[in-house]
Every structure is written in structure tokens, then in C-alpha cells.
Amino acid sequence: MKFMKLGSKPDAFQTDGTDARYVVSNLPSDIVIHVDDARFYLHKFPLLSKSSLLQRLIIEASQNGTDEVVIQDIPGGVKTFEICAKFCYGMVVTLNAYNVVATRCAAEYLGMTEDVEKSNLIFKMEVFLNSGIFRSWKDSIIALQTTDALLPWSEELKLVGRCIDSIATKATVNPSNVMWSYTYNRKSASSDEIVEARKSSQAVPKDWWVEDLCELDVDLYRRVMVAVKSRRRIPSDVVGEALKAYAARWLPECCDTLVDDVYTESYKHLLETIVWLLPSDKGSSGISCCFFLKLLKVTVVIGAGELLKEELMDRIVLQLHKASVHDLLIPSKPPAQTIYDIQLVQTLIGRYMRHAGVAEDGIFLNNLDQEMFETNVDNESLVALCKLVDRYLAEVASDPNLSVSSFVDLATSMPESARTTHDGLYTAIDIFIKLHPGLPKAEKRKICSLMDVKKLSKGACIHAAQNDRLPLRVVVQVLFFEQLRAAGAASAAAGPNGSVARCMARLAEEEEDWKDGRAQPEAPTPGALRKQLGSLKLAADQGVGVDDGRRLVARSSSVANQSSRLSLSSRSRRIFDKLWVGGGGKLPGDAPVGGKGSSDTSGSSQSPRSSAKPLESKSSSSSSRNRRYSVS
């Protein structure tokens with residue numbers, strides 16, 4: 001820190017422990033100057049030779065027959081007046097970045113100009129400011145911080161503007177020319193490291209100036225950033241880093257702090273300033289989606305206004321696929337009943353689709369919106385956003401106030417082509433059904449119809465097959481498609497028109513009818529499933545050599561049956577055993593299935609298992625019945 005000493009005489013100012021201050025001297029004081037609550041017992045001659053204001057006040061006091069003078073509203077108060085009085089006496093005074101602005105304003109107030117005496121206090125202050133303070137990076141920032149308490153004097157004397165110009169000039173120099181100290185605690189710098197001098201072997205980062213400006217008041221910060229941006233030497237990504245650091249410094253992480261009415265207005269002003277300073281180029285500002293969503297969360301919590309909210313949403317939708325689930329967990333405001341603002345997230349997804357020019361079926365459209373932004377959205381971005389939506393669904397599914405319609409609308413907000421796997425959607429559905437135990441059967445079927453069992457992974461299929469919360473139809477579909485997949489590998493020689501392909505297409509068609517409401521929502525009848533599996537067996541025998549085909553289908557079906565039986569729950573195992581009896585996949589034409597197993601509530605049925613299992617011993621059956629696998 002720069003400093004300057006004035007005067008040569010020792011400091012002779014003393015106090016008696018009260019508000020009275022005097023100069024130790026052989027001469028008695030002949031004037032009393034009142035400054036705020038303090039009294040200064042001084043001598044007229046040193047004061048008259050330096051200050052035009054004191055000359056006038058002392059003359060007026062003498063004419064009125066008094067030796068007391070009152071000074072009101074002097075910039076800096078008692079401390080700065082004492083500095084000016086010591087200068088008049090020629091005593092040692094130390095000036096630095098913390099008191100130079102206040103002393104300069106007080107000297108102007110007292111009229112300590114060159115007209116009164118050469119090399120007066122104002123002249124010396126200007127020399128120190130230009131040769132010391134404004135040449136130092138940190139001293140310029142400290143001096144700027146002190147100007148706020150000295151308004152309007154600091155503004156009228158252009159001290160604020162000069163400090164800002166000094167800071168902006170240094171912030172926009174080439175980093176290779178930075179020779180002064182600065183604070184840098186981020187990225188390449190180690191924790192709590194303060195870089196005090198630039199070393200030849202250490203490259204100065206392009207955002208070296210960001211952290212030091214974070215200590216400025218929001219209004220001063222705004223003026224500095226405007227000056228920095230006006231020079232057009234700082235790229236948008238560095239401006240974004242500066243705003244991000246400033247928001248991290250002053251915006252709390254906990255939303256509970258934001259609801260305090262004492263700070264609401266200051267937070268609103270801070271948000272307005274940050275958003276106003278954002279780079280005008282929305283598409284290539286280099287600012288992360290996470291930062292925008294944090295600002296949006298604060299905007300919603302404190303109710304900062306629709307204009308601010310819309311501006312942030314327009315920037316978020318350009319890179320929504322880069323967000324995280326935590327970023328999207330924005331608390332809702334009354335009258336919403338849900339914990340998080342589901343409607344806001346759905347609005348963001350809808351805007352993303354419109355700006356990307358993507359229809360509901362996943363087809364890219366041209367000229368969908370004349371105001372469409374260049375989002376560079378591709379299939380990978382859509383897939384990433386779809387996975388994000390599924391994870392978000394799983395997070396909010398535990399909300400007891402989340403309605404089925406909101407769940408369905410959010411799940412269907414993405415095109416089907418973007419959802420390459422339904423594992424994430426299945427997880428969300430499972431959580432929703434689990435935490436909404438009173439869900440009607442019709443709504444449970446509606447939610448489960450969102451899921452395509454053909455797009456579930458092996459682990460998800462195992463979990464779904466033993467999930468007692470799912471409707472029976474869904475469990476049967478999972479079991480059936482798993483068996484068809486296993487049998488499909490064995491009957492691949494039958495070509496694209498093979499029985500497995502026809503059977504899968506047939507069941508898929510029925511599944512679509514069920515989803516669209518064209519079919520009755522009851523569980524499939526055992527006779528229909530048995531007929532499909534019987535036709536699969538007969539067609540497989542006809543498609544290849546009789547002996548080879550039987551052995552191939554029997555081997556694959558036996559392996560699939562045994563592996564599935566080991567990993568399924570007792571409920572699912574009973575269903576599957578009744579539909580697929582024997583190691584070779586043979587269905588006895590008149591084997592009964594059982595009436596209770598066809599309802600959605602049969603998961604808790606305790607009916608005995610089928611006895612038509614010649615390949616399993618009693619001990620093996622008992623062991624596998626108690627074995628239960630869980631896949632999360």
C-alpha cells in the first residue's frame with residue numbers, strides 16, 4: 001500500500017479522555033472549534049494561514065465577540081478535520097488509500113487551496129493521488145470504496161470517476177503486462193492463496209482482476225463493470241466469470257435466507273444489476289446454465305419480477321441440456337401446492353423444444369419460429385435433456401402433492417425418439433407409485449403406460465418383474481418380452497419374418513392399443529398368452545428342421561426360463577410358471593392359470609405354485625422361492 005508523510009514536527013495533539021482535544025504548547029489556545037461532538041482548543045495563526053473557510057469564520061467570531069467556531073458537515077468528520085489541523089501546524093501526517101479521499105474532500109471544504117498558500121494541502125493530495133493511489137491496483141479499489149461515505153463531495157470532485165477509470169484501465173491491460181499484486185483464489189491458484197507479485201514463471205490468468213472487485217458495493221461494481229466492458233478488450237466469458245464470482249460473494253446458498261424481508265430489496269437490486277451486466281450475446285456468452293438457474297432460483301424465491309425472470313429463462317433454454325437436477329429444483333411459490341416449481345421446468349422444456357425447432361415426434365423443423373435462436377441442438381443434446389427430465393421426474397416424484405397429470409405432462413414433454421432407454425422413466429414411475437399408495441388403478445395404469453418395456457435394460461426388467469407395486473399387465477409384459485428376447489436369439493435362423501418377430505409385433509400392437517385406450521385395461525387372459533406362445537412354438541418348429549428347431553427352441557427357452565426364475569419374486573415366478581410350463585417352452589392346452597392371478601391386486605396372492613415342473617427338485621424349488629433380487 002502506498003503512503004505519504006506530510007510535516008516534520010512531532011504530533012502534539014492530545015485529549016483529556018473526553019471529547020476535548022488540544023495542542024501541547026507554551027501558548028494558550030485562543031480559538032475553540034466545534035466539529036460534531038468534539039471540541040478542538042487551537043491557535044488562530046496556524047489555521048488562518050492555510051484555510052480560507054477558517055479565516056472567514058474566525059473573523060466573524062471576533063466581530064461577534066466570541067472565540068468559538070462551529071463547523072458542520074465536514075467530509076470525514078472529526079478524524080479528517082484533525083488531519084487538516086495537524087497539517088496547519090506542520091505536524092507529521094500519514095496519508096494512505098483509506099484516508100486520502102476523505103482528506104481531499106475536507107481540504108476542499110476548508111478551502112485549503114493554492115490561493116491561500118503555495119503547496120497547500122489540496123495540491124499535495126493531488127500529487128499523492130496521481131503518483132501513488134491511481135498507479136496502484138489495490139489502492140485504487142480501496143480509495144473507491146471510501147468514496148461512498150463521502151458523497152456528494154467525492155462525486156463533485158470527480159474522485160469516484162478517477163478511481164473507476166484507474167481500475168478499468170488496469171483490468172483491461174494485457175495479462176502479460178500485469179506487474180502489480182492481485183488476489184486470486186480460484187482455478188489454478190491453490191486454496192486461500194494471495195498472489196502478491198507476478199513471477200516470471202507464472203502466467204497471469206485473464207480473469208486475474210475478478211475477485212478483487214467483489215468487495216465493491218453493488219452500485220460501484222456496476223459502474224466499474226460498465227467501464228470495463230466499454231473498452232471492448234474483455235471477452236464475454238471473462239465478464240461472465242466476474243459476474244459469477246460477484247454473485248457467489250453476495251448471494252446466499254440457502255434459500256431460507258432469501259425470504260428475509262430485511263434483505264429482499266437489496267437482493268432484488270443485486271439481481272437486476274447482475275442481469276443487466278450480462279453480455280448481450282445470449283448464445284455465446286460463455287456463462288454456464290448452472291449460474292443462470294441459480295439466478296432464476298433467487299428471482300423466484302424473492303419475487304424479483306417477471307421481466308427479470310423472462311430474461312433469465314431466455315438464456316437458460318439455449319443450454320438447458322447442460323443443466324443438472326439440483327439446478328432445476330426451484331422452490332415453488334403460493335398458490336402452487338408442490339414443493340418445487342414443476343410448471344416452470346415444463347415451460348423451460350417447451351421453450352427449448354420450440355427454439356430448437358423440434359416437434360413432438362422428434363423431427364427437426366425449419367422456420368418454426370422467426371425469433372428462433374441458434375441453439376445448435378442435435379440428437380445428443382435431446383437425449384441428454386431427456387435423461388435430465390427423467391432424473392428430475394425421479395426427484396420430484398416423492399412430492400405427495402404432485403398430480404398424475406403433472407407427472408404425465410412432464411414425462412411426455414420430450415419426444416419419444418429422444419428417450420433411448422426407459423430405465424430412468426421406470427425409476428420415476430416406481431417412486432411415484434410407491435409414495436402415492438392410494439393411487440387409483442386407472443391412474444396407475446395411465447402412468448405405467450408411459451413406459452415401454454422393450455426399452456428397459458436387463459437389470460430394470462429383473463426389478464420390474466419382482467415389483468409388486470406395478471399392475472399385473474406390466475409385469476406380464478416384462479416377462480413375456482424377456483422370454484421373446486431369449487427365444488429370438490435361438491430362432492434368428494427363421495429370418496425377418498420369423499415367429500418371434502411376428503409375436504413381438506403382435507404384442508407391441510396390443511400394447512399400443514392399451515395405451516391409447518382402444519383395448520380394455522384388464523390384465524391379459526391366460527388363454528390369449530398361451531395361444532401366442534403356442535403359435536411361437538409351432539412356427540419355430542416349422543421354420544427350421546423339426547428336430548433341430550425343437551432342440552434350439554427348447555434349449556433357449558429352458559435357459560431363459562431358468563435364469564428368469566432365479567431372479568424373480570414369488571409373485572412373478574407364479575405368473576410366469578403358469579404361462580410357460582416345462583423346460584422346452586411347451587404349453588399344455590388345458591392347464592388352468594387361476595382366476596386371482598389376472599387382477600392387478602394378485603401380487604399378494606398366496607395360491608400354490610404349479611406342480612408341472614419335472615426339472616426342479618423340491619429343495620431347489622423351495623430355495624428359489626425365497627430368493628429375491630433387487631435392482632435399484
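Tutor: What follows is a set of questions on a helix, a histidine and some aromatic rings. This is a predicted model, in which local features need pLDDT of at least 70 and side-chain atom pairs count only at pLDDT 80 or more, while totals for chains, interfaces and linings use all residues. Residues are numbered from 1 along each chain as its sequence is written, and side-chain values use heavy atoms, with hydrogens and water left out.

Student: Is α13 largely enclosed by the rest of the structure or largely open, and how many of its residues are buried?

Tutor: Helices are DSSP runs of H or I with at least four residues, and strands are runs of E with at least two, each numbered from the N terminus. Buried means under 20% relative accessible area, exposed means over 50%, and partly exposed lies in between, using a 1.4 Å probe and protein chains only. Among the buried residues of α13 are C289, F291 and I302. The helix is largely enclosed by the rest of the structure, because the number of its residues that are buried is 12 of the 14.

Student: Which residue follows α13, with a positive phi?

Tutor: The helix covers residues 289-302. The residue that follows α13 has a phi near 65°, and this residue is G303.

Student: Which backbone oxygen does the side chain of H43 reach at 2.9 Å?

Tutor: H43 is found in the loop between β5 (38-42) and α1 (44-48), and it counts as buried because its relative accessibility is 11%. A polar contact is a pair of N or O atoms within 3.5 Å; within protein, one must be able to donate a hydrogen and the other to accept it, and residues adjacent in sequence count only if both atoms are side-chain atoms. The backbone oxygen of P28 lies 3.3 Å from a polar atom of the H43 side chain, whereas the one reached at 2.9 Å belongs to L27.

Student: Why is the pair of F480 and F481 called edge-to-face?

Tutor: The structure holds 10 aromatic pairs, where rings of Phe, Tyr and Trp (its six-membered ring) pair if their centres lie within 6.5 Å, and planes under 30 degrees apart count as stacked, over 60 as edge-to-face and the rest as tilted. The rings of F480 and F481 have their centres 6.3 Å apart, and the pair is edge-to-face because their planes lie at 75°.

Notes
Expected span 1.5 Å × (residues − 1).
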